[in-house]
Amino acid sequence: PVAYYPALVIAAPLIAAAGAARLIETRRYPHSRLTPLSLALAALALAGLTLVASALAIQDYFEGFSFRYSLIEPKIGPDRFIGVDEILGLTAFRLTGEGDQPPDLLIGAALLITGLLAGAALILPPRREHNTGNGERLRWTLTVVAIAAALIWLRFGRPYEYGFMKGAAYTSFVLWGLAARGLERIAERVQRTGMLLASGAAVLILV
């Protein structure tokens with residue numbers, strides 16, 4: 001199914017990362033009514049009920065796709081794997097990869113800044129008055145690892161240009177969210193003027 005609808009497949013690592021983070025947090029901070037085992041069993045029960053409720057729709061979905069793609073040899077999307085700059089929206093996507101684009105120097109600078117901001121979000125600890133513990137860092141780290149693993153699989157494990165393009169497009173919000181969080185961490189450490197400037201830059205990034 002990843003070859004035909006990667007938009008759905010990319011949700012799996014995001015959900016898995018959130019579940020793994022919740023299990024680790026439950027183990028780190030035990031609760032009398034909630035244990036890692038009970039949480040895992042509850043998640044499996046919920047997943048089982050969801051699967052049962054949607055079993056017929058899933059079967060019909062795959063049968064429809066199997067019939068459709070047995071008639072012709074489909075060709076969808078580009079003949080190349082898109083780059084990080086296209087995933088993040090720093091360059092315009094075109095099927096051929098040709099056409100006007102921002103200067104390479106500007107693209108490289110934007111990629112470097114985005115990477116540094118994302119690194120700041122994972123490395124810099126929160127200010128004491130805004131401290132939320134290590135839970136936030138754990139969730140971000142697991143999410144980044146999960147989507148990186150998914151993209152590596154889409155690129156090398158099941159290489160398909162269209163599948164990689166569409167799956168990667170659904171991960172960009174995570175990367176920009178991490179960059180915005182890094183900008184916020186930096187803003188916490190500067191004067192009020194710097195915080196206003198950083199907040200304005202964060203809005204521009206998200207827009």
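Start with the surface: L37, L41 and L44 form a nonpolar patch there, with about 340 Å² of accessible area together. A patch here is built from residues with over 30% relative accessible area and no salt bridge; nonpolar side chains (Val, Leu, Ile, Met, Phe, Trp, Tyr) are joined within 5 Å, like charges within 9 Å. Accessible areas come from the Shrake-Rupley method with a 1.4 Å probe, and for residues only the protein chains shown count as cover. L41 is found in helix α3, residues 36-71.

A word on the source. This is a predicted model, where local features need pLDDT of at least 70 and side-chain atom pairs count only at pLDDT 80 or more, while totals for chains, interfaces and linings use all residues. Residues are numbered from 1 along each chain as its sequence is written, and side-chain values use heavy atoms, with hydrogens and water left out.

Now the overall picture. The protein has 9 helices and 0 strands. Helices (H or I, at least four residues) and strands (E, at least two) are DSSP runs, numbered from the N terminus. The accessible surface of the protein comes to about 13500 Å². Carbon and sulfur atoms hold 67% of that surface. Of the 207 residues, 27% are buried. Buried means under 20% relative accessible area, exposed over 50%, and partly exposed in between (1.4 Å probe, protein chains only). Then contacts, meaning heavy atoms within 4.5 Å. Take those between residues at least 6 apart in sequence: 64% join residues at least 24 apart.

Next, helix α5. It covers residues 104-123, 20 residues in total. From first C-alpha to last, α5 reaches 28 Å, close to the 28 Å expected at 1.5 Å a residue. The expected span is 1.5 Å times one less than the number of residues. Which residues of α5 are buried? They are I107, T114, L117, A118, A120 and A121. Seen down the axis of α5, these buried residues fall within an arc of 155°, so they line one face of the helix. The arc is that of the directions from the helix axis to the C-beta atoms. On the other side of α5, D104, L105, L112, L116 and I123 are exposed.

T114 is buried, with a relative accessible area of 10%. Leaving aside neighbours within four places in sequence, T114 is in contact with L88, W176 and A179. W176 and A179 are among the buried residues of α8. L111 also lies in α5. At 31% relative accessibility, L111 counts as partly exposed. Not counting residues up to four places away in sequence, L111 touches V84, D85, L88 and L90. L111 and D85 are 26 residues apart in sequence, and their C-alpha atoms are 7.2 Å apart in space.

On to charge. Side chains of opposite charge can pair when their charged atoms come close. A salt bridge here is a side-chain nitrogen of Lys or Arg within 4 Å of a carboxyl oxygen of Asp or Glu. How many salt bridges does this rule give? The count comes to 4.

Take R80 and E86. They form a salt bridge, with the closest N and O atoms 2.9 Å apart. R80 is partly exposed, at 21% relative accessibility. E86 is buried, with a relative accessible area of 15%. E86 also brings in A169: their C-alpha atoms are separated by 8.5 Å, though the two residues are 83 apart along the chain. A169 is found in helix α7, residues 161-169, and at 44% relative accessibility it counts as partly exposed.

Now E136. Its side chain meets that of R181 in a salt bridge, 2.4 Å from N to O. This pair links distant parts of the chain: R181 in helix α8 (residues 172-187), E136 in helix α6 (residues 135-157), 45 residues apart. E136 also forms a salt bridge with R185, the closest N and O atoms being 3.5 Å apart. R185 lies in α8 and E136 in α6, so the pair ties together parts that are 49 residues apart in sequence. R185 is buried, with a relative accessible area of 3%. E136 counts as buried too, at 12% relative accessibility. R181 is also buried. E136, R181, E184 and R185 are linked in a network of salt bridges.

Last, α8 itself. It has 16 residues and reaches 23 Å from first C-alpha to last, close to the 22 Å expected at 1.5 Å a residue. Its buried residues include S172, V174, L178, G182 and A187.
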